[in-house]
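Please look through the sequence and the structure shown here before reading on.

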Amino acid sequence: MLSDNKDCSLTDSNFSSIPIEPIPPNLARPIWSVMIPAYNRTTYLEQAVVSVIEQTREYAAEQIQIELIDNCSTNPEIELLIQRLAKQYKISFYKQPQTVSMVENINTCIRRARGHLVHILHDDDLVLPGFYQYLEVAFKQEPSIGAAYCRHGHIDENHRQQHYFSSLERNTSGIIPNFLERITVNSLIDPPAMVVRRSVYEQLGGFRPELYGASDLEMWRRIAVRYPVWFEPQVLAHFRIHSTSQTSSLVRSGKNIADMRQSIEVTRSYLPQPISDRLVKRAMEECALYALRNAFRALSRGDISTTNAQIREALKCSYSIKVIATLILVPFLAVTSSLKRYLGSGE
């Protein structure tokens with residue numbers, strides 16, 4: 001039996017002011033709310049929906065809410081697709097009366113969620129067999145946790161598995177020790193892998209729109225300050241990398257790093273004082289190194305604009321010796337990578 005854990009002794013005015021109202025106590029509630037935000041893009045939406053349907057067949061209708069949240073799309077095809085999917089798979093949908101920001105649409109997902117457990121699956125991502133079953137067990141087994149996530153991989157626009165899997169935080173299922181330090185310094189989680197109790201959102205508020213591309217990172221840190229977080233070592237979700245994604249657009253402009261930097265500063269306001277400065281310094285350095293890795297990849301494919309944007313934002317994060325040394329190596333590594341690809345092509 002799932003129950004909402006609302007025992008939270010800390011109070012902090014620096015936590016989000018985006019309110020999430022509780023569900024009325026007399027309302028019948030499902031275990032799961034799977035909320036799928038969508039906007040204009042039709043390419044991957046059906047794959048996302050089908051992946052959820054295939055992994056939730058064992059749930060009775062009253063145990064799971066599956067809802068598409070359309071951000072008032074301007075593409076006429078998206079409404080037809082959503083209506084067909086809703087009818088075909090007997091799921092609900094909601095259309096925003098006007099287009100709002102991506103983050104505000106996600107907060108709408110949370111507000112409309114009725115389940116005890118909330119999973120927000122973006123319209124281009126996927127869940128794999130066992131996702132809902134394994135993560136539900138986590139919340140039943142350990143009522144104190146506020147969130148749980150699984151190991152996950154990346155796929156491309158053609159559904160091909162990329163050579164990336166998220167870090168293996170532990171070899172067996174369970175609570176992650178020192179998770180606050182880990183998540184403050186490193187970006188460990190892509191959104192499709194994470195499940196959060198709705199009562200946690202009620203306690204801590206919704207995602208911060210001003211952080212945009214890094215609003216999820218800040219949320220995971222906010223949760224980690226207040227609750228234990230569970231890790232499932234099996235790969236049970238896929239995050240899609242493609243040229244039309246919000247993530248790709250943010251990388252090209254450098255805004256992904258600017259948002260990450262701002263999220264770290266927000267996190268500073270509620271980190272425990274004895275470790276705050278140390279963690280923020282490490283987080284800023286790691287953010288800069290991540291930007292330089294992006295710059296290296298961009299330069300190796302000849303994308304000078306993205307390279308410059310990522311380097312510019314990296315140096316706003318940190319001037320540490322490690323960062324400067326890595327910056328010096330970026331052109332050399334990019335040329336080496338390009339040469340290897342050229343020689344390997346046999347041209």
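Leaving aside its neighbours within four places in sequence, with which residues is Asn107 in contact? In this predicted model, Asn107 is in contact with Ile18, Ile20, Gly206 and Phe207 once those neighbours are set aside. Asn107 belongs to helix α3, which runs over residues 102–112, and with a relative accessible area of 1% Asn107 is buried, because the cut-off for a buried residue is under 20%.

For the chain as a whole, the secondary structure comes to 12 helices and 10 strands. The radius of gyration is 20 Å, close to the 20 Å that the globule rule gives for 347 residues, so the chain is as compact as a globular protein of that length. Among contacts between residues at least 6 apart in sequence, 80% join residues at least 24 apart.

Further values for the chain are set out below.

| Property of the chain | Value |
|---|---|
| Span of the C-alpha trace along its principal axes | about 65 × 50 × 40 Å |
| Share of buried residues | 54% of the 347 residues |
| Accessible surface | about 16100 Å², of which 55% belongs to carbon and sulfur atoms |
| Distance between the mean positions of the 38 positive and 36 negative charges | 3 Å |

How values were computed. Residues are numbered from 1 along each chain as its sequence is written. This is a predicted model: local features need pLDDT of at least 70, side-chain atom pairs count only at pLDDT 80 or more; totals for chains, interfaces and linings use all residues. Side-chain values use heavy atoms; hydrogens and water are left out. Helices (H or I, at least four residues) and strands (E, at least two) are DSSP runs, numbered from the N terminus. The radius of gyration is taken over C-alpha atoms; the globule rule is 2.2 Å times the number of residues to the power 0.38. Buried means under 20% relative accessible area, exposed over 50%, partly exposed in between (1.4 Å probe, protein chains only). Contact means heavy atoms within 4.5 Å. Accessible areas come from the Shrake-Rupley method with a 1.4 Å probe; for residues, only the protein chains shown count as cover. Lys and Arg count as positive and Asp and Glu as negative; His and the chain ends are not counted. The place of a charge is taken as NZ of Lys, CZ of Arg, CG of Asp or CD of Glu.
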